[in-house]
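Good morning, and thank you for making time for this presentation.

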Amino acid sequence: MNQKLLHRQFDNGLVLLGEHMPWLRSSAFSFLLPAGTCYEPEGHDGLAGMTSEMVQRGCGQLDSRQFLEELDYHGIERSSAITTTHSSFSCAMPTEVLGHALKLYSDLIRRPHLPAGQLEDARALGMQDLRALDDEPSHRCFSELKRFRYSQPFGRISQGSEEGLAAIDIGDVQEFFGVNYKPTGSILAVAGNFCWDEVCELLDRELGDWGGEPARLLPPLRSTYGSLHVDHASNQTHLALAYDSASYESPEYYEARALVGVLSDGMSSRLFSEVREKRGLVYSVFANCFSLAGKGSVLCYAGTTTNRAEETLHVLIETVQSLGQGVSLDELNRLKNRIKSSLVFEQESSAARSSQIASDWFYLSRVPDRDEVCAKVDALSCESLLDHFQCNLPKNFSLVTVGSQPLELPSGIVDAQE
Amino acid sequence: MELLTHKSEDGPEIVILHDPAAFTASFGWFVATGARDELSEVAGVSHFLEHMVFKGTARRSGEDVNRELDHLGAQSNAFTAEDSTVFYASVLPECQAQAVDLLTDIMQPLLREEDFETEKQVILEEIAMYDDQPPYGAFERASELFFGDHALATRVLGTTESVADMTVAQMREYHRQRYTKDNMFLIASGNINASQLIDYVEEACREWPKHKTISRPHVKPKFYFGEELIERESTHQHYAVQVWPGVDCNHPERYALRLLCSILADDSGSRLFWELIDTGRAETAAIWPQMLEDCGCLLGYLCCAPEDAEENEAIQRRVIEQTLREGVTEKEIQLARNKITSSLILSDERPSNRLFALGQAWFNRRSYEPLDVVLSRYAAVTADDIMSIAERTLRSDSAIIKVVGPS
């Protein structure tokens, strides 16, 4: 399991990364393009998603159906996603067809047909996604939290808005594609059992003469604190709670991530133990780290029947604050074991590894290998975690509830602001 | 890779798929008990028991179980289905002994009353959670309609009433009857120390109750058809779940049935995809097989805007009728076969995925076919095979549950 990051910086700005996993039969790639929701023009929420949908409707010599048939014929599994910062395309496949898949996706990002006649179909699909989100309260509370907590354009969600989707015309799609599907800021990460020289050679031919740099003018990120309720006729109240934390780029990210691990990694974690195991308040409760525009947050979720929502929020907050009483050596060791073994599990999947490599490069402009991550994890101590918590007390809380009754943040919490 | 099986006179069966090159090792206890084995007054007991298994034994408290799993860095979980309950953990190979000791120990839980009452609240929250999520119990209701009074109609989670009324004594009795040596087996996949595993499990299970499990009664289900509506105040989309008769899990035509579903209703590149998804008419349109020991069904799921529902359902009917009338093309078969082949190859890379493939095969037929043999089964399917199974499933009447907003 020797790990070596392969790296190539193209003159046009594209970053190509690779990692050999010769024990696999597969290869996978993750292609991040700097075309996320934060680059959508005002009033066009959902344009990144619609553009992503439209570029997949035929490219190069292939129309929409031929493109999908080509992927299916070669057994190429694919997905696409929209985040605040990127549009991404990911594929996993038997390794012998990697070259073909890279050619197809080179066409997709450079020579899509963007057929005007299919714009209404793409819009209808977008509207379906929005309505489905409205029906799914446990997902909706996070969408509403993003909109509530983060200023524009960072608070936009991938599904956009009804008004935004309705306003988009084919010219908007062409322009968004023309401005944002550019090599500068794009990251292509390949992992699996492949030949690096062949991939470099192929991409030299396919993407070497790709050019352009998107204009990037973003306002600073501002956050909104306090609480918001969304009325929804449901059995459960769904709570999404956020507070400030270290971002992925921060030198103290490992401490912050470890504290969230103490809260939420595994069945012995504090939230699972206190909220679910001891009190039976929920079926689902968790916390994770989220980074946006250099700012980090911890996002927590709990879903509970309405008459127990207040107690659940109280226990949730109390459990977060219990980190101030320190982390036991046993807790820390369990966490270290979990992180280290997850790094080995990652080596069994080319798709998981290519996605992690691309993400690391975006946040850090480098990719820590397993030894480096293990060394950082080993260096964590009960003292360093407590010290980090005390120097970075949870503050700037935002709470969104989706359900039939609103909840407010307790006064000590609502006041915990910078 | 090497397949090893071991069964002593009074121990549970152990099946090992050893891959010395694997980085990890996965273990799973597969128990042949699920919702179909429950009496109506304890509907949901298999699933509730699955939760309670983690709540402690004579040697460990519930907290110990959770702590140990995390200490091992295990990726672990459990699930309950109509006919089975499965507990599994994936760990690094050096953690084998502790992981197997833990997983085996928890198969004989103490089932303390206090834990039972607390966990009951978690189960009730789980039922409430799924009831809030689309399609709002439509699959469960469709099963009830389709299977009528047969045990396969039992909801895996039970109902709020059946769970609230359940007693720990009923659960203990269910456990005593169903978690017996002859009703469960251990699967191991990945980099396994086989002799250590066999020696340990033989010894650890020596004291397990020795009585025989009463076999599951095999009452041939009768299928019922018809249509029902569920009204939901908060629904924005229209949801429809449809059930047709299918084939059992050992039926020779199961490969043809999977290819049929891929051609007709895969999430990408299928006939329904081009008609309903690519055009933006629907959010989801899928049909897939569910195969059980003694019968099977096809499940269909449609989600779209309420105002488009009627038209979309007509399109779905037209696509199915056209398929039955005109058949499928060689090109479609090739695309579906390649898609399934690739997906199986990718999945087979992980020992944890092989655990489930092997466990399911062992459940179904006490044998296991390596991936290349499975792929050859798909390669042998012809257009006639696909149309033959289409005739015997989709030509039938069906049970339909629709979920609609306030009228």
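I begin with Leu124(B), which touches Thr160(B), Val163(B) and Ala164(B), leaving aside residues up to four places away in sequence; two residues are in contact if their C-beta atoms, placed from the backbone, lie within 7 Å. Leu124(B) is found in helix H4 of chain B. Helices (H or I, at least four residues) and strands (E, at least two) are DSSP runs, numbered from the N terminus. Leu124(B) is partly exposed, with 19 other C-beta atoms within 10 Å; a residue is buried if 20 or more other C-beta atoms lie within 10 Å of its own, exposed if 12 or fewer, and partly exposed in between, with C-beta atoms placed from the backbone. From Leu124(B) to Gly158(B) the separation is 34 residues in sequence and 9.6 Å in space, C-alpha to C-alpha.

A word on conventions. This is a predicted model, in which local features need pLDDT of at least 70 and side-chain atom pairs count only at pLDDT 80 or more, while totals for chains, interfaces and linings use all residues. Residues are numbered from 1 along each chain as its sequence is written, and chains are lettered from A and ligands numbered from 1 in the order in which they are written.

In total, 52 residues of chain B are in contact with 55 residues of chain A. On the chain B side, H4(B) gives the largest share, ten residues. The elements giving two or more residues to that side are helix H2 (62-71), helix H4 (113-132), strand S9 (282-291), strand S10 (296-304) and H12 of chain B. By type, the residues of this side divide into 17 nonpolar, 21 polar and 14 charged; here Ala, Val, Leu, Ile, Met, Phe, Trp, Tyr, Cys and Pro count as nonpolar, Asp, Glu, Lys and Arg as charged, and the others, Gly among them, as polar.

Helix H12 (residues 330-347) of chain B lies across strand S3 (26-33), S6 and strand S7 (87-94) of chain A, and runs at about 90 degrees to S7(A). Axes are lines fitted to C-alpha atoms, for helices over the stretch in contact, and angles run from 0 to 180 degrees between N-to-C directions.

What is the strand order of the open sheet in chain A? Its six strands follow S1-S2-S8-S3-S7-S6, with mixed pairing; two strands pair if DSSP finds at least two bridges between them. Strand S1 (6-9) and strand S6 (77-82) of chain A are the edge strands, each pairing on one side only. S1(A) and strand S2 (residues 15-20) of chain A run antiparallel, joined by four bridges, and Arg8(A) stands opposite Leu16(A) in S2(A).

Six bridges join S7(B) to strand S11 (residues 399-404) of chain B, and the two run parallel.
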